[in-house]
Amino acid sequence: MKASKLVSKMTLQEKASLLSGSDFWHTEAVERLGLKQYMMCDGPNGLRKQVGEPDHLGSRESIKTVCYPAACAVASSFDVDMAQRLGETLAKECRREEVSMLLGPGLNMKRSPVCGRNFEYYSEDPYLAGKIAAAYVKGVQSQNVAACPKHFAANNQEYRRMSGNSIVDERTLFEIYLSAFETVVRDSQPKSIMCSYNMLNGTYVSENKYLLTEVLRDKFGFEGFVVTDWGAGKGPAKGVEAGVDLVMPGEDDDHEKEIIKAVEDGELDEALVDKAVCRILDSLMWTDKAPEEEKVSASAFRKAQYQLAKELAEDSAVLLKNNRVLPLKKDSKILFVGEFAKSPRYQGSGSSNINSASVSNALDAAKGRKVSFAQGYDTKDASKAYVLREEAIKAAEDADVIVIFAGLPASYESEGFDRADINLPSEQNKLIADLSTLGKKTVVVMHNGAPVSMPWIDNVDAVLDMQLAGDAVGDATVSLLWGDVNPSGKLAETYPNKLSDNPSFLNFPGDKGNPVYAEGVYIGYRYYEKKRMPVLFPFGHGLSYTEFEYSNLKISKDSITDQDTVKVSVDVWNVGRYAGKEVVQLYVSPDGGRTSRPLKELKGFKKVELAPGETKKVTFTLDKRAFAYYNVDIHDFFVESGDYSIMVGASSSDIRHTVSLHVEGTVELPRNYTLFTPIEDILESSSGKKYLTPIIDKIRKEHREASDNPEALGAGADKMFENMIMEMPILSLASFGMLTKKEVQQLLDKIN
Ligand code: BGC
């Protein structure tokens with residue numbers, strides 16, 4: 001039966017009961033009409049299905065399953081096919097476990113590197129986050145399991161995440177903080193979206209009609225239902241009116257009673273209740289149409305899951321530095337140092353925490369190779385640091401290469417709180433510093449869900465950043481270290497030199513948890529580049545054991561309008577000895593324009609696999625959005641006419657080739673100019689150009705002719721005059737006696 005038909009048969013009480021959960025993880029059933037309960041579960045990097053006591057902080061048990069690399073790593077793969085496979089495999093498990101909806105992916109922007117939940121998010125770049133999320137959702141929904149991108153929106157810190165007020169201007173909101181959500185809606189239409197706890201510009205998101213209805217539904221075209229984050233529901237009537245459909249969890253029937261009362265008191269239109277129930281049922285009943293089940297045994301399925309976890313961990317690891325020490329040679333004597341070689345850190349804490357079936361560690365995975373081990377540090381007992389360090393230094397005497405497994409202990413990164421700084425525990429920094437001065441080759445393997453500072457970076461020979469790599473972390477690390485697999489991940493966020501360099505530093509977490517996003521659109525590399533600020537590792541950076549050359553960058557047209565698309569192609573050649581994958585990145589940079597914009601922004605990426613000597617052509621198609629910024633006068637994306645550089649390269653700071661394209665904007669900005677509008681603004685419109693240019697030209701000419709001694713004021717004189725004219729309100733044409741006030745008004749009337 002169609003959802004709308006079912007709803008038409010329901011009593012108000014039945015409908016109201018469907019607007020909140022029946023318990024922690026289920027929707028309500030309506031047995032009279034044969035409507036079952038639907039189950040939803042966390043989480044983005046594995047299935048956290050709880051069959052016993054529930055909780056949303058990851059502290060109570062869930063079923064044993066495979067933990068995949070966390071979102072921070074998935075994004076570093078820059079691999080949409082891999083993200084889609086991950087979604088698909090997770091959904092297959094949902095089907096086996098009778099779970100209808102998966103609460104993920106998390107795609108909030110990484111505004112500050114210390115947000116406690118950054119490991120669960122993709123990137124500081126909305127284009128990358130949106131494309132990876134869209135692929136993941138496609139994968140999940142290919143199995144008729146509903147995906148639920150979260151946490152919509154502007155939830156970029158954990159401090160006071162349930163009460164804080166994110167203060168964000170309109171342009172920044174659309175260009176940065178809503179953009180990935182827009183992409184995921186437009187590209188893969190998720191069946192659900194989770195609204196966040198926080199307020200946006202003074203209104204709780206769960207009561208924010210502008211955000212949930214006008215933007216999400218009317219502007220972006222979202223057709224699914226909105227579920228609250230667990231406990232984010234506020235006043236029921238206000239919530240329904242704003243666009244919240246399902247309030248979770250539902251431990252009592254308070255919400256249901258309040259909805260009924262609001263309808264009976266005439267405060268809430270029952271038609272809105274019907275709409276909300278319809279949206280929920282439309283999406284959830286769609287999950288009943290399961291695709292044909294694969295006949296795969298539980299053990300074969302588990303194997304396939306682990307295999308995917310390993311491939312993804314290998315695909316995401318970022319080789320940050322390599323002075324030719326990696327890959328390790330088979331006959332070298334290697335010393336593994338660090339607790340994480342034996343008990344790796346491989347996932348974050350909180351609601352995404354997975355009860356892992358089996359986690360591999362590098363020490364076991366390296367069995368059969370020439371590897372010895374020293375613990376080096378103890379994450380639970382810093383007082384052992386000296387003794388363990390001395391032991392490691394002694395053990396290193398016999399080694400050719402020291403591989404140090406470092407990273408953030410679990411207590412540093414979690415949902416619910418932010419990190420205090422970006423430092424590793426000091427005993428680890430000291431250990432790495434000491435081991436790197438022994439005259440041996442040193443490699444650092446990192447386990448971290450967010451950037452850390454590396455005060456020892458110049459003294460070590462290589463750094464392999466595994467991030468939070470999931471259950472297969474040990475197996476993947478070993479295959480990468482010895483070169484069975486070639487690293488191909490790229491940083492999805494900038495590693496700054498120090499926390500205070502970060503653009504949000506002065507406003508994070510904000511007074512009483514009310515952050516003002518004063519840095520505007522300058523998040524991550526958009527800021528560091530504009531400030532010409534050196535960073536530890538730039539966005540998009542990642543090395544390989546082979547080398548790639550780029551050539552033959554071409555565009556299909558030299559000039560387009562913002563209604564057209566343009567094709568860009570480039571050849572990538574593997575000139576090294578190893579097979580490998582390269583992430584080809586495309587950035588767009590406005591060459592001029594009067595709007596404050598980042599120097600360049602990511603507008604395309606493709607991951608290609610190349611055998612030694614092989615060349616492949618990589619192509620991109622760019623449309624209006626690649627050149628546009630969000631203009632608050634028209635409340636929409638807008639392209640300024642002008643030249644744009646299209647840059648292709650291996651990272652944001654390793655641009656190999658650039659080509660120029662002229663783009664002509666076809667949208668006219670509103671022309672409600674007044675007597676006080678500066679002349680340069682009026683000249684931006686076609687009618688302004690037409691009617692005002694001859695007058696300005698005349699003034700210029702008269703000025704030149706009237707000047708007794710044009711050289712007297714030096715070369716700056718013309719420029720000064722030009723600026724004065726351009727920046728003055730049009731009324732000044734009257735004040736300076738060039739036109740009468742009446743003539744200025746007549747001119748304005750013609751232009752407007
Ligand atoms: C988290 C969500 C999660 C939910 C259910 C909340 O605390 O913010 O991401 O899906 O709990 O566990």
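Buried means under 20% relative accessible area, exposed over 50% and partly exposed in between (1.4 Å probe, protein chains only). The model is predicted: local features need pLDDT of at least 70, side-chain atom pairs count only at pLDDT 80 or more, and totals for chains, interfaces and linings use all residues. Residues are numbered from 1 along each chain as its sequence is written, and side-chain values use heavy atoms, with hydrogens and water left out.

**View 1. The aromatic pair F627 and Y644.** A search of the whole structure finds 19 aromatic pairs. Rings of Phe, Tyr and Trp (its six-membered ring) pair if their centres lie within 6.5 Å; planes under 30 degrees apart count as stacked, over 60 as edge-to-face and the rest as tilted. F627 and Y644 are edge-to-face, at 5.3 Å centre to centre and 70° between the planes. This pair links distant parts of the chain, 17 residues apart. F627 sits in the loop between β22 (615–622) and β23 (629–631), Y644 in strand β25 (residues 642–651). Strands (E, at least two residues) are DSSP runs, numbered from the N terminus. F627 is buried at 1% relative accessibility. Y644 is buried too, at 3%.

**View 2. The aromatic pair Y630 and F637.** The ring centres lie 5.4 Å apart with planes at 80°, so the pair is edge-to-face. Y630 is buried at 2% relative accessibility. F637 is buried at 8%.

**View 3. A ring cluster.** Ring pairs join F78, Y127, Y525, F539, Y587 and F605.

**View 4. Charges over rings.** A charge sits over a ring if NZ of Lys or CZ of Arg is within 6 Å of the ring centre and within 35 degrees of the ring normal. R111 places its charged end over the ring of Y517, 4.0 Å from the centre. K219 lies over the face of F174, 5.0 Å from the ring centre.

Methods: Helices (H or I, at least four residues) and strands (E, at least two) are DSSP runs, numbered from the N terminus.
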